[in-house]
Amino acid sequence: MIRQTAKLALLTTLCLLGASAGIHAQEHAETPSGWKIRLDGGDHGAGAAPSFVSMPPGWHITTGPAGIFYDPSQTASGEYRLEAETELFDPGNRREGYGILFGGSDLDGADQAYTYFLIRRDGQYLIKKREGSTTSVLKDWASHPAIVTWEGRGEGEGTAKNVLGVQVGASNVIFRVNGQDVVTLLHEGMPTEGIVGLRVNHSVNLHVTRLEVGQIEEVRPEQ
C-alpha cells in the first residue's frame, strides 16, 4: 500500500508539472541556453508563444503553434545515429505530431531545410522534408505497432513514452521507434547533414528526456 501511494503521488506530481509548465516557464524561465525556436507562422504563429524550458532530465515543451526547437551547435554528418526519448502528456482529442528533425540548414533564414520524423497519439508516424516554405511528404501517416499510443500506455502511466530514432547510412535512412525499424527510405534527395533538433506541432504538451547523436550501432546491408 505504501509503495502504491508513493507511486500515485509521483504520477500526480509529474502530471501537474506537465500541465503547468507553460505558466511557470513564462513566469520564471527562459529558453534553454543556446537553443532557438522557429514557429511555422512567424514570431508567434497563429497563437500563444510556446513554452520551452530546461526541466532535468531534459526539456519540457508546450506549444501553441507548430515549430522547431534546435541548438545550432548540435549537428550530425556522414553516417550517424540520432535518438530522442519523449513523453507525451494528455493530448485530449488532438492528433498532433511531434518528433525529431535532422539535416537542418539555414533554420533561421528563408532557405531553411530539414527532414523530420513525427509520431502522434494514435500510433501513426510521418516523414517529411522542408525546403524553404515548401514541405514534401516522404512517407505519409501510417500505423506501426512499435509506437506506444496514448490509449495503449502502461497502466498508471501519466505519459505515453516513445524513443524515436534515425540511422543514416551511405545510401539509406532507417527510421526507428522503441528500437524497432519502422521504415527504410533512400538517402537520395533527403537532407541528412546539418543541425539536429525537435519538431512539435500545434498544442502539444511534451517532455523530451534526451536528444543524442552517436555512431551507428551495427552495420546494416544497404538497400
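This note goes through the predicted model point by point, from the whole protein down to single residues.

1. Basis. Residues are numbered from 1 along each chain as its sequence is written, and side-chain values use heavy atoms, with hydrogens and water left out. Because this is a predicted model, local features need pLDDT of at least 70 and side-chain atom pairs count only at pLDDT 80 or more, while totals for chains, interfaces and linings use all residues.

2. Overall make-up. The protein has one helix and 14 strands; these are DSSP runs numbered from the N terminus, with helices (H or I) of at least four residues and strands (E) of at least two. Of its 223 residues, 49% are buried. Buried means under 20% relative accessible area, exposed over 50%, and partly exposed in between (1.4 Å probe, protein chains only).

3. Contacts. Among contacts with a separation of 6 or more, 63% join residues 24 or more positions apart. A contact here means heavy atoms within 4.5 Å.

4. Val166. This residue sits in strand E10 (residues 160–168). Is Val166 buried or exposed? Val166 counts as buried because its relative accessibility is 1%. Beyond its neighbours within four places in sequence, the contacts of Val166 include Arg81, Phe102, Phe117 and Ile174. Val166 and Arg81 are 85 residues apart in sequence, yet their C-alpha atoms are 5.8 Å apart.

5. Asn205. Strand E14 (residues 205–214) holds Asn205, which is buried at 13% relative accessible area. Its side chain makes a polar contact with the side chain of His60, at 2.5 Å. A polar contact is a pair of N or O atoms within 3.5 Å; within protein, one must be able to donate a hydrogen and the other to accept it, and residues adjacent in sequence count only if both atoms are side-chain atoms.

6. Backbone points to check. Pro56 and Pro57 are joined by a cis peptide bond, with omega about -5°. Pro57 is in the loop between strand E2 (51–54) and strand E3 (59–62). Asp106, which is not a glycine, has a positive phi near 50°; Asp106 lies in the loop between strand E6 (98–105) and strand E7 (113–119) and is partly exposed at 36% relative accessibility. Asn178 also has a positive phi, about 50°, although it is not a glycine. Asn178 is in the loop between strand E11 (172–177) and strand E12 (180–186), and with a relative accessible area of 30% Asn178 is partly exposed.
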